[in-house]
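Dear colleague,

I am handing over the structure that we spoke about, and below it I have written out what was found. Please read the notes with the model open beside you.

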Amino acid sequence: MYGFVSSVLAEKGRQVYTIQPAATVAEAVRQMNEQGIGALLVLDGHRPVGIFTERDVLRRVVDAGRDPALTRVAEVMTRNPISIGPDWHVEEAMSLMTSRRFRHLPVIENGELIGMISIGDLLRWVTIHQEDHIRQMTDYITGRLS
Ligand code: AMP
């Protein structure tokens, strides 16, 4: 009903914010704050090896009493992030995020990283489409549509 992940990416863009595993948590947090984002994909060269999100800052750094200036991203990231393809349905991506309890998904096509979507991107997308659907139904019910 809400189309494919490729359409969401076409609308929001393919920009993916990344960081190297050897960077410090302090550097990662600065980058997240500067870009206004909640997750960074961790790349070793061009290969995605992990994901580091604001949840990891809370759980694995602050609550664990680690020093952000001395802790490397590699120590506190989630390894081997789950990714999806652009041909996934929006509903499938949302249900994967819900069942696995995370809010970010890298999008990979033929082994190449082509984007990253968040639950916020998907909710925005679904809301826009629901509004369209409601407008069409209202037009139909009130006879504005021939
Ligand atoms: P989030 O809700 O996205 O902030 O992430 C919650 C937890 O899941 C954090 O420990 C993240 O590192 C991890 N995480 C986020 N996205 C993914 C993903 N696509 N695959 C595996 N783990 C993830």
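**The ligand and its surroundings**

The ligand is surrounded by 14 residues, of which Thr53, Asp56, Thr78, Arg103 and His104 are the closest; a residue is near a molecule if one of its heavy atoms lies within 4 Å of it. This is a predicted model, in which local features need pLDDT of at least 70 and side-chain atom pairs count only at pLDDT 80 or more, while totals for chains, interfaces and linings use all residues. Residues are numbered from 1 along each chain as its sequence is written, and side-chain values use heavy atoms, with hydrogens and water left out.

Polar side-chain atoms reach oxygen atoms of the ligand in polar contacts (pairs of N or O atoms within 3.5 Å): one of Asp56 at 2.5 Å, one of Thr78 at 2.6 Å and one of His104 at 2.6 Å. Of the 470 Å² of accessible area that the ligand has on its own, the protein covers 92%, where the areas come from the Shrake-Rupley method with a 1.4 Å probe.

The shell around the ligand is made of six nonpolar, three polar and five charged residues; here Ala, Val, Leu, Ile, Met, Phe, Trp, Tyr, Cys and Pro count as nonpolar, Asp, Glu, Lys and Arg as charged, and the others, Gly among them, as polar. At least two residues of this shell come from each of strand S3 (47-53), helix H3 (54-62) and strand S5 (104-109).

**The protein as a whole**

The protein has six helices and six strands, which are DSSP runs (helices H or I, at least four residues; strands E, at least two) numbered from the N terminus. Along its principal axes, the C-alpha trace of the protein spans about 65 × 35 × 30 Å.

Technical notes. A polar contact is a pair of N or O atoms within 3.5 Å; within protein, one must be able to donate a hydrogen and the other to accept it, and residues adjacent in sequence count only if both atoms are side-chain atoms.
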